[in-house]
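Good morning, colleagues. Please take a moment to look at the sequence and the model, and I shall then go through the ligand sites and the domains.

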Amino acid sequence: MEVRARAPGKIILTGEHAVVHGSTAVATSIDLYTYVFVHFSTPSDDGDLLTLQLKDTALEFSWPISRIKAAFPESVLSCTPTSCSVEVAKIIAALVEELDIPEAKIGIASGVSAFLWLYSSIQGFKPATVVVNSELPLGSGLGSSAAFCVALASALLAYTDSVSLDLSHQGWLSFTEKDLELVNKWAFEGEKIIHGKPSGIDNTVSSYGNIISFKSGNITRTKSTLTLKMLITNTKVGRNTKALVAGVGERMLRHPEIMAFVFSAVDSISKELTSILKSPTPDELSLTEKEEKIEELMEMNQGLLQSMGVSHATIETVLRTTLKYKLASKLTGAGGGGCVLTLLPTLLSGTIVDKVIAELESCGFQCFIAGIGGGGVEVNFAKSS
Ligand SMILES: Nc1ncnc2c1ncn2[C@@H]1O[C@H](COP(=O)(O)OP(=O)(O)OP(=O)(O)O)[C@@H](O)[C@H]1O
Ligand SMILES: C[C@@](O)(CCO)CC(=O)[O-]
Ligand SMILES: [Mg+2]
């Protein structure tokens with residue numbers, strides 16, 4: 001029995017960090033995916049191992065099922081999404097510690113912990129091989145952790161009675177609305193292990209796809225009348241969303257009144273962006289006007305992100321470089337390095353785009369343009385060749 005799942009990454013157009021504190025944020029899926037393949041062992045496989053292959057970091061881990069069974073409490077299997085208890089978190093931490101993950105790749109430990117929680121909760125103690133690979137840069141603000149959790153939850157749920165999928169379907173298959181809700185809730189439990197205090201926007205956009213406005217767990221799907229073209233620049237500076245979210249939380253505790261104003265301003269920016277995206281775009285003039293407004297909103301949001309303390313010297317370099325070409329940019333995701341968005345207006349000449357990319361890449365950054373607003377997570381039951 002095998003299944004593969006693919007879940008998209010995302011960009012946050014406005015509202016990261018503030019969304020953790022209840023403000024509105026706007027995000028869209030991108031056409032770069034994390035893939036999870038699961039092969040559940042059959043008696044003929046003669047295996048009693050749970051194996052996790054993480055292709056992006058060239059790491060492989062295996063646990064004898066008996067080892068996992070002995071470590072976990074019996075009651076861990078659950079039909080409904082459940083948070084990892086402090087007791088089980090300690091058990092998982094001990095199992096992950098035994099793996100001796102090399103220091104340079106230690107960030108992966110949180111992903112392995114999320115895997116152990118989702119696997120044992122959804123599948124119990126069954127032998128299997130799980131293979132993960134991603135088109136997303138890991139830990140760069142494009143939602144790699146959420147895509148990982150969404151693809152994993154989908155693949156693990158695919159054969160269970162909790163969802164209703166046509167197992168004879170050929171090719172990629174979407175979940176029903178009700179099943180997507182379940183996938184999204186399980187993925188959120190995984191994100192909690194990786195992030196500490198996620199808002200849920202990343203797993204939600206990875207599950208559902210499209211453009212969404214998100215506030216305190218409530219999703220509004222936004223049908224945009226314009227197609228945004230965003231240049232994504234990866235500064236290649238590694239960072240960790242958990243630490244950055246915690247840093248903003250501490251600033252909030254030190255300056256509650258000021259930060260409340262900052263978060264409220266971000267909320268207004270996201271609401272204004274949503275209304276611009278939704279309103280009719282009858283002609284080229286209104287398109288240009290809208291793009292100019294969006295650029296202004298991005299600049300204001302970036303200023304507020306700076307005041308939250310999540311910008312970085314490399315992000316400032318990208319901002320300065322794109323400004324030379326009169327282009328507006330902002331960080332996306334948790335910041336502290338990672339990726340920066342630059343709006344490429346529809347009427348911008350290809351020559352300018354080439355020039356700005358060349359200048360950014362000469363600084364050692366990596367630029368690409370991803371397709372945005374596509375569908376969410378899908379599964380595929382086709383036999384691998
Ligand atoms: N393909 C993958 N294989 C293994 N672990 C992964 C994979 N993708 C993500 N992870 C886990 O998620 C962590 C990165 O999550 P983090 O939230 O810090 O960054 P991000 O999700 O890429 O960015 P953001 O949260 O800002 O969008 C990795 O260190 C790893 O633990
Ligand atoms: C920084 C943050 O707002 C977005 C990370 O992509 C964290 C979250 O919402 O969980
Ligand atoms: Mg993340």
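Between which domains does ligand 2 lie? Domain 1 (2-220 + 373-380) and domain 2 (226-369) both give residues to the shell around ligand 2, so the ligand lies between them. The domain bounds come from an automatic or database domain assignment.

A word on conventions. This is a predicted model, in which local features need pLDDT of at least 70 and side-chain atom pairs count only at pLDDT 80 or more, while totals for chains, interfaces and linings use all residues. Residues are numbered from 1 along each chain as its sequence is written, and chains are lettered from A and ligands numbered from 1 in the order in which they are written.

Let me stay with ligand 2. Its shell holds 15 residues, the closest being Glu16, Pro198, Ser199, Gly333 and Ala334; a residue is near a molecule if its C-beta atom, placed from the backbone, lies within 6 Å of it. Helices (H or I, at least four residues) and strands (E, at least two) are DSSP runs, numbered from the N terminus. By class, the shell around ligand 2 has 7 nonpolar, 6 polar and 2 charged residues. Here Ala, Val, Leu, Ile, Met, Phe, Trp, Tyr, Cys and Pro count as nonpolar, Asp, Glu, Lys and Arg as charged, and the others, Gly among them, as polar.

I turn to ligand 1. It is surrounded by 26 residues, and Gly111, Ser144, Ser145, Thr241 and Gly333 are the closest. At least two residues of this shell come from each of α3 (108-123), β5 (128-134), α4 (144-157) and α5 (177-195), with α4 supplying the largest share, 4 residues. The shell around ligand 1 comprises 9 nonpolar, 15 polar and 2 charged residues. Domain 1 and domain 2 each contribute at least three residues to it.

How far apart are the C-alpha centres of the two domains? The distance between the centres of domain 1 and domain 2 is 27 Å. Their contact takes 28 residues from domain 1 and 34 residues from domain 2, where two residues are in contact if their C-beta atoms, placed from the backbone, lie within 7 Å. On the side of domain 1 that touches domain 2, β1 (2-14), β2 (25-40), α5 and β6 each give two or more residues. The largest share of that side, 4 residues, comes from β1. That side of domain 1 has 11 nonpolar, 15 polar and 2 charged residues.

Next, the database annotation. Residues 123-208 are 49% helix and 8% strand, with end C-alpha atoms 23 Å apart. Residues 292-345 are 54% helix and 15% strand, and their end C-alpha atoms lie 8 Å apart.

Finally, the chain as a whole. It has 11 helices and 12 strands. Its C-alpha atoms fill a box of roughly 65 × 50 × 40 Å, taken along the principal axes. Thank you.
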